[in-house]
Amino acid sequence: MFRKLKIQLILINLILTSLVLITIFSGIYILMDTSFEHSSYMHMDKTAEMESIPPSGPHDKNMTSSEGFFIKINPQGEIGEISPNSPLSEKSCNELLEQILKKNKPRGTATYKNYILRYIKVPKNYGFIVVFQDKTFDDEVLRRLIIISVTIYIISLVFVFIISLFLANMSLKPIISAWEKQKAFTADASHELRTPLAVITTNLDIVLDNKDETVESQGKWLKNIKLETTRMTKLIEDLLFLARSDSCKSGFDTSSFDISSAVTKSVIPLEPVAAKYKITILSNIHQNIIFLGNEGRINQLITILIDNAIKHTPEGGSIKITLQKIKNKVEITVSDTGEGIAPENLNKIFERFYKVDKSRSRRDGNFGLGLSIAKCIVEEHNGTIDVSSTVGKGSTFKVIFPAD
């Protein structure tokens, strides 16, 4: 698909370039041909009027005796006089005149042996005069112009092809990347949804196979169904959040609120979860910091970062949350003493469904969407989120928001 699109882009550029070059070179050719013809006929009109060869012509110093000459004809159609600079004999002149008289046109072009001549026939009181001028030089100039134009045309097309190929590759890179990410996103979402659906189906089959059992006796299977339904609901909500973010339709109300209080409220519910795994949560939250944004989104952000830290911190470890205002920036950091992240994975952890170790089971499950949602929330508030980590020592997530 992308190869076909690339070819189409290159062909469009080549066709447009061809049309432009052909138009320009055709215009130059027509202009020069018209100019040569106009100049030659002006010179011949002057010769016919003076009945002698003017001292200068369309080619001035380069003019030769064969470029302009005249023949006077009497009323009987016989040659009365031939200009001294005529390159043709009287016999040749008669043959040339016969050709012109057959055309019965006052001006035009005649070909005789190796000569290509323009001519005009002007009536006189003694009959008429026919003035000739050689157009070999003009034709040679136009021929060279065609050769130069074709050469430039071919070189230009080659040059445009190379540039178009480069630009097409550059232009399609983000599209291909987005397409691949979309395919991976769809595949990962399908995989994540398949697991809870399979569990629900299996447990329902067990329940249906034991129709005579009471609800209480089948509580184990029903609890499994509820648990997987809850997990699937959360996954769908996360997917919808990301989809709205991608389509720029995740608009939210903003207001000024105490972000210090909001962060504290987000930390408190997670302290029992951390205590369950013997993890200590430390807080250093500067008070009375007012922030313009969406309080619900900020609560979600803090919850994601702390929950992520809990999942990756071993028993006996600690997590530290810091909130402070530095000049016109609000800075939030969440640090842990967990397993850390390898350098090659640091730029991937915000990708959707990305898990550093997919084979390792997570506490309470992990879809790999939390940090992607966190990044979306930060970007919605025009902020930035970065991570620094040392394997075996822990990680630090730093969020910076602009503040008034």
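Rings of Phe, Tyr and Trp (its six-membered ring) pair if their centres lie within 6.5 Å; planes under 30 degrees apart count as stacked, over 60 as edge-to-face and the rest as tilted. By that rule the structure holds four aromatic pairs.

F291 and F401 make a tilted pair, with 5.2 Å centre to centre and 40° between the planes. The two are 110 residues apart in the chain, F291 in strand 8 (residues 290-293) and F401 in strand 12 (residues 394-402). Strands (E, at least two residues) and helices (H or I, at least four) are DSSP runs, numbered from the N terminus. F291 and F401 are both buried, meaning under 20% relative accessible area with a 1.4 Å probe, protein chains only. Ring pairs also join F257 to F291 and F401 in a cluster.

A word on the source: this is a predicted model, where local features need pLDDT of at least 70, side-chain atom pairs count only at pLDDT 80 or more, and totals for chains, interfaces and linings use all residues. Residues are numbered from 1 along each chain as its sequence is written, and side-chain values use heavy atoms, with hydrogens and water left out.

Next, charges over rings: NZ of Lys or CZ of Arg within 6 Å of the ring centre and within 35 degrees of the ring normal. R107 has its charged end over the ring of Y41, 4.5 Å from the centre. For K121 the ring is that of F128, at 5.6 Å.

Last, N203, in helix 3 (residues 136-209). Is N203 buried or exposed? N203 is buried, because its relative accessible area is 6%.

Methods:
Buried means under 20% relative accessible area, exposed over 50%, partly exposed in between (1.4 Å probe, protein chains only).
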